[in-house]
Amino acid sequence: MSTAHLLREFYNEMYRIHTQPGSVYDIGDHLYHLTVHKHLDQDPLIQFREAFRRVDQSGARLIADAGCGYAGFAVFVARQAPTLAVDGYTLSDVQQAVAHQVLARLRLSRSRVLLQSYDRLERRYDAVVAIESLGHSPNAAATLRHWARQLRPGGVVVIIDELFRPEVPPAHPEIQRFMQSLHFSLLLQRAPVEAMVRAAGLSMADWVVLSDRYHVHTRPDEECDRLMHAYQLGGAHQGYIGGMLLEKFYNRGWVDYVLLVLTPDRAASR
Ligand SMILES: C[S@@+](CC[C@H](N)C(=O)[O-])C[C@H]1O[C@@H](n2cnc3c(N)ncnc32)[C@H](O)[C@@H]1O
């Protein structure tokens, strides 16, 4: 099965779980219900706010949301700056269908959600935003090169993701298990990411450790182990196993939650 197919199933199944009766996670008009990312300070909008600020500072009018989930970022942007347009890209047909309903209900006609890989952006954009989605790329270096090529002059790429500390060995069995359970192809770490950024003709304009500014809620290791065991027995969605491992990695200081701002290299854009 291709990576794209696996990811489609992964996110479609996650939606089915989130919308089971009794789940606190249902799809309403509120942005709170339109995120698939982690909640910093128990506030689901922090990533959207942080990414929007960077995009807005750059003067962007047309934005690609690479890995858009239920289009929560597009809804957020429309509320802050109704003249901006967002094209969301997702591999999940269920996410696309839900996002279409939400955009229609809120009459946000400037934004669209495309069932298409972010490795094939349809147009050139002033900004590419990727919140917790780059790790899914089968070839992150190629993905960054593509995004760099699709940027209009003066454009920016804003990435928010988990960046692992340099001392964490990608081959560690728990890391391998984490990556498999979340369908990540690459462990994001600063040195390889910086090398890929340079090779894509981009420069690192900013690197902000959001997990220093905001609280990432984790439970003690014993609680994570207990839950992980219960999830395994209950045949839970693989994403829950990955989530538990990630909490343990935060407890160990193995990982930071980081915002990156990338701009075209001056030399490359000449
Ligand atoms: C963890 S979710 C993040 C969703 C969203 N950014 C948010 O903050 O709510 C990851 C998203 O990336 C998308 N994704 C992963 N690989 C992709 C690809 N190659 N092309 C388009 N979307 C992709 C998934 O479909 C999913 O919507």
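## Valine 216

Valine 216 counts as partly exposed because 18 C-beta neighbours lie inside 10 Å, a number that falls between the 12 or fewer of an exposed residue and the 20 or more of a buried one. The model described here is predicted, and in this model valine 216 sits in the loop that runs between helix H8 (210-213) and helix H9 (221-233).

When its neighbours within four places in sequence are left aside, valine 216 is in contact with Lys38, Leu40, Ser211, Tyr250 and Tyr257. Asparagine 139 is 77 residues away from valine 216 along the chain, and the C-alpha atoms of these two residues are separated by 28 Å.

## The shell around the ligand

The ligand is surrounded by 23 residues, of which Gly67, Gly69, Ile131, Ser133 and His136 are the closest. Helix H1 (3-18) and strand S2 (85-90) each contribute at least two residues to this shell. Sorted by class, the shell around the ligand consists of eight nonpolar, 13 polar and two charged residues.

## Helices H6 and H10

Two packed helices are described by the distance between their axes and by the angle between those axes. For helix H6 (residues 173-182) and helix H10 (residues 238-252), the axes come within 8 Å and cross at roughly 145°, and the crossing is left-handed.

On the H6 side, the residues that take part are Glu174, Arg177, Phe178, Ser181 and Leu182, and these meet Gln238, Gly239, Ile241, Gly242, Leu245 and Leu246 in H10. By class, this contact of H6 with H10 has five nonpolar, four polar and two charged residues.

Key: Residues numbered from 1 in each chain as written. Predicted model: local features only at pLDDT ≥ 70, side-chain atom pairs only at ≥ 80, totals over all residues. Helix = DSSP H or I, 4+ residues; strand = E, 2+ residues; numbered from the N terminus. Contact = placed C-beta atoms within 7 Å. Near = placed C-beta within 6 Å. Nonpolar A, V, L, I, M, F, W, Y, C, P; charged D, E, K, R; others polar. Axes fitted to C-alpha atoms, helices over the stretch in contact; angles between N-to-C directions. Left-handed = near helix turned anticlockwise from the far one by under 90°.
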